[in-house]
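Colleague: I would like to learn how to read a model like this one. Could we take the features one at a time?

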Amino acid sequence: MVAIPQDTAAPLPRPGRFGTFVRRNPTIFFGGLLLILLVAAALAAPWLTADPFRLSPVNRLRPPSERWWFGTDQFGRDVFARTIHGARVSLLVGLLVAVASAFIGLALGLVCGYFKRVDGIVMRVMDGLMAIPSILLAIALITLTRPGLAIVITAIVIPEVPRVVRVVRSIVLSIRAQPYVESAIAGGTRGARLLTRHILPNTLAPLIVQGTYVCASAMLIEAGLSFLGAGVPPEVPSWGNIIAQGRSFFQIAPWTILIPGAFLALTVLAVNLLGDGLRDRLDPRLARRM
Amino acid sequence: MTAYIARRLFATLPVMAVVAVFVFFLLRLAPGDPAAIIAGEDATAESIAAVRAKLGLDRPVLEQFVIWLARLVQGDFGVSIFSNLPVTRLMAQRVEPTVALTLSTLLIAVCMAIPIGVVAAWKVRTFVDRAVMIFAVMGFAMPVFLVAYVLIYIFAVQLNWLPVQGYRPIAEGLWPFVEGLILPSVALGITYMALIARITRASMLEVLSQDYIRTANSKGLATQRVLLLHALKNAAVPIVTVIGIGIALLISGVVITETVFNIPGLGRLTVDAVLKRDYPIVQGLILVFAAVKVLINLVIDISYAFLDPRIRY
Amino acid sequence: MNVLEVRDLATHFFTLDGVVRAVDGVSFRLARGETLGIVGESGCGKSVTALSILRLIPPETGRVVGGSVLLEGQDLVKLPESDMRAIRGHRISMIFQEPMTSLNPVLTIGTQIAENVVRHTGVSWSAALDRAREMLELVKIADPRRRLQEYPHQLSGGMRQRTMIAIALSCNPQVLIADEPTTALDVTIQAQILDLMLELKEKLGTAIIMITHDLGVIAETAQRVVVMYAGRKVEEASVDQLFAQPAHPYTRGLMRAIPRLDAEAEVAGRRPRLQEIPGIVPALNQPIAGCAFAPRCPFATGRCRAERPPLIETAAGHSVACWETARVLEAAA
């Protein structure tokens with residue numbers, strides 16, 4: 001009188017691993033694909049395009065055509081070349097800001113989660129920084145320094161750090177309150193071991209997810225700053241600069257603004273899609289809140 | 001309740017203090033010589049010294065801080081380096097367009113986003129829902145200036161329905177005032193709308209799967225009542241929270257929107273100040289915007305008690 | 001005369017893992033004023049049956065794919081949604097398992113009762129609130145005037161379930177479907193709620209479908225019982241017949257799982273061990289060839305695994321779906 005083992009389940013049809021992955025994580029796939037294409041184009045820019053700086057006053061404000069795919073600007077510069085080169089600036093800023101914010105945020109978050117005494121002070125400072133709209137914070141810093149890529153990156157990192165600190169800190173605190181970690185501490189597990197065995201592995205996924213959002217936000221802020229004339233030096237062909245320089249000619253040459261703008265939107269979209277996909281996959285707890 | 005509000009107001013003080021200390025020391029600790037940078041590329045030693053004196057940078061830091069803070073508390077934000085006018089007066093002149101723009105954006109965004117979020121959640125996994133989600137994901141990636149220029153291109157340049165740029169105060173008549181605000185508000189509002197719509201949808205979806213919604217349906221109530229009373233009231237807290245978070249987005253966006261549409265508001269003042277490196281103005285604007293943001297978050301925290309009877313203070 | 005008749009009801013859910021046949025051809029009748037018990041383990045389809053009757057299955061997950069639900073001869077399955085809405089909460093109402101989560105946390109008790117009254121009787125809001133107060137009195141909630149103003153979190157679990165009953169009965173429904181109404185409550189409160197339901201049923205003449213996994217609840221409240229397993233009805237009998245002579249091995253298994261403190265056990269000098277039914281409920285996303293219970297059944301034969309047993313009437317009003325009824329009854333004797 002024993003239950004007969006149920007082996008009646010027909011094996012499921014097995015689509016290719018890759019097909020399954022795409023179906024289950026469409027946002028990771030499309031976001032990732034788009035991003036890879038953009039990164040590839042940015043890396044290959046010197047071979048892919050004409051010289052983005054070459055002036056050609058005869059060919060001013062030419063609309064998109066076979067010769068100038070994205071038209072030319074008021075100095076006759078090739079907008080296609082400038083746009084593809086602009087991808088380098090945006091992606092670089094996005095990546096560096098994300099990495100820097102993640103590391104600084106991780107360090108501060110760990111300190112806050114571990115040391116109660118520092119926690120209060122650091123978190124008040126973070127609250128204060130978060131109260132300042134990020135673009136204004138960046139603007140303030142830029143007002144006081146000479147323009148340059150490094151200062152733009154620093155100016156964007158500062159307002160992004162508190163977001164990362166909050167995430168890391170809450171993870172550390174929640175992990176420390178877990179019964180198994182409490183028992184590990186009671187059992188004599190030391191701080192360093194706790195950090196490497198329990199805390200760091202748990203912060204990794206949220207950190208990556210948060211990093212993609214920081215990256216997207218950084219690219220938007222960088223373009224905004226350049227657009228306002230407070231970003232990277234005007235001679236650098238960043239998307240924000242191209243758009244800023246096209247402003248006066250917008251009514252006759254809208255392509256100088258719409259095309260780099262569309263590229264920026266597409267890049268941010270790709271990073272956001274990747275972030276959403278990674279969040280759903282890596283961090284279901286966070287996903288439920290969105 | 002009053003005690004709670006008082007306590008919360010008091011709790012905003014340290015936050016504002018951090019902001020104040022930050023903007024103060026930013027000037028003092030900035031790399032290089034801020035006075036030289038503010039004075040400009042080809043400034044003479046005298047003009048740099050003049051700027052330094054004007055900013056009070058020639059005195060001991062602690063003394064500077066005490067004087068600065070004492071003035072700040074009295075509402076004295078200092079004087080502009082270039083125009084020598086008090087920062088508060090410059091800001092007062094520019095407040096109206098910014099308030100008009102932000103409020104109309106808020107209104108448009110909230111009135112559009114919540115209904116579309118609700119409909120998306122109600123019609124989950126249908127064409128409508130997909131369309132809303134695509135809008136939300138795309139909208140969140142759109143830089144404000146791109147949306148602004150696309151709108152200008154379509155509605156002002158091609159169709160000639162609305163003005164390309166400019167701002168008319170409400171004193172000049174309601175329609176000119178409204179006409180000038182439509183495109184900037186929509187441009188500024190798209191990202192905000194995307195954010196609110198997405199949260200509304202997510203929050204509604206979570207609520208719609210709750211047992212009490214099944215109970216409401218088991219009573220045969222009309223769909224509108226189930227969605228708009230039973231579900232939306234429960235979904236309200238995250239939505240209101242995100243409306244508050246989005247204010248920061250709005251403030252950042254104001255700076256860019258006012259530049260694109262040539263609106264003489266606080267955002268435009270900020271940009272002009274940055275280009276002229278007029279730090280006292282930048283500093284004053286940061287303090288004001290931060291205070292606005294902190295106060296709005298306070299209002300939102302307090303509103304929770306009205307939205308959810310389980311929250312008591 | 002039957003107030004409600006369910007014929008060959010089939011409800012399927014469409015999931016990534018295939019079609020789940022949660023209810024697979026279930027039929028029963030409910031007479032006016034009668035209490036019918038539906039019993040089975042969790043996942044056997046009893047709650048889905050209840051939700052299907054009221055057409056409350058979320059359409060994006062599943063739907064009624066066959067059969068009919070006749071309320072006084074009118075087929076609810078074919079009714080337009082708007083007509084169905086007029087029936088819910090009015091002619092058929094339902095109370096749920098979780099009193100803690102079944103009431104809306106941000107609306108007052110008064111609102112939640114009164115809105116049902118306004119919806120179905122069209123009286124004014126103040127008249128509906130009067131009715132709400134009356135209903136709270138009827139379900140024996142003290143100080144009803146004050147309670148009308150309160151929110152669910154201010155009420156205990158028992159009071160919330162009383163409130164649910166007040167809502168459900170506020171429009172004098174012909175049928176009340178109670179889905180595990182006492183499962184989430186303390187034992188002492190359970191008895192009070194069941195007593196209240198029986199009392200109101202007598203007073204109002206409502207027919208009840210009592211859905212439960214607890215045969216004790218059935219014994220106390222129901223006149224007739226439907227036993228469900230894996231989305232199908234495996235046995236139906238009057239309560240007396242069922243307890244006197246359970247004919248399906250699954251029903252017998254359920255009975256052995258009830259703790260007993262009766263004289264027999266005392267005489268034997270030991271408490272009989274509570275027996276579980278070995279094995280688990282089968283996955284419903286693949287068609288089951290024979291009897292769904294066969295893999296867990298001590299009486300199962302090759303035929304049981306190959307052919308689905310039909311429902312056969314073994315005595316008046318007692319039917320069972322089992323190939324081996326004779327052996328089962330013999331073993332019991």
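Colleague: How many helices and strands does chain B have?

Modeller: The model is predicted. Chain B has 12 helices and 0 strands, so the order of its elements from the N terminus is α-α-α-α-α-α-α-α-α-α-α-α by the DSSP runs. Its C-alpha trace spans about 80 × 55 × 40 Å along the principal axes.

Colleague: What share of the contacts in chain B join residues at least 24 apart?

Modeller: Counting contacts between residues at least 6 apart in sequence, the share is 72%. As for burial, 45% of the 313 residues in chain B are buried.

Colleague: Which residues have the most contacts inside the largest nonpolar core?

Modeller: The general idea comes before the case. In soluble globular proteins, nonpolar side chains tend to be buried together. Here the largest nonpolar core has 265 residues, and those with the most contacts inside it are Val19(B), Ile196(B), Ile286(B) and Ile209(C). Helix 10 of chain B, residues 223-261, gives the most to this core, with 20 residues.

Colleague: What does Ile196(B) touch?

Modeller: Leaving out residues up to four places away in sequence, Ile196(B) touches Ala109(B), Val110(B), Ala113(B), Ile114(B) and Gly117(B), and also Ile239(B), Val242(B), Ile243(B) and Gly246(B).

Colleague: In which sense do strand 11 and strand 12 of chain C pair?

Modeller: Strand 11 (residues 312-315) and strand 12 (residues 318-320) of chain C pair in the antiparallel sense, over 3 bridges. Ile312(C) stands opposite Val320(C) of strand 12. The two strands form a hairpin with 2 residues between them, and Gly317(C) in the turn has a positive phi of about 75°.

Key. Residues numbered from 1 in each chain as written. Chains lettered and ligands numbered in written order. Predicted model: local features only at pLDDT ≥ 70, side-chain atom pairs only at ≥ 80, totals over all residues. Core = buried A, V, L, I, M, F, W, Y, C linked by C-beta atoms within 7 Å. Buried ≥ 20, exposed ≤ 12 C-beta atoms within 10 Å, placed from the backbone. Helix = DSSP H or I, 4+ residues; strand = E, 2+ residues; numbered from the N terminus. Contact = placed C-beta atoms within 7 Å. Pairing = 2+ DSSP bridges.
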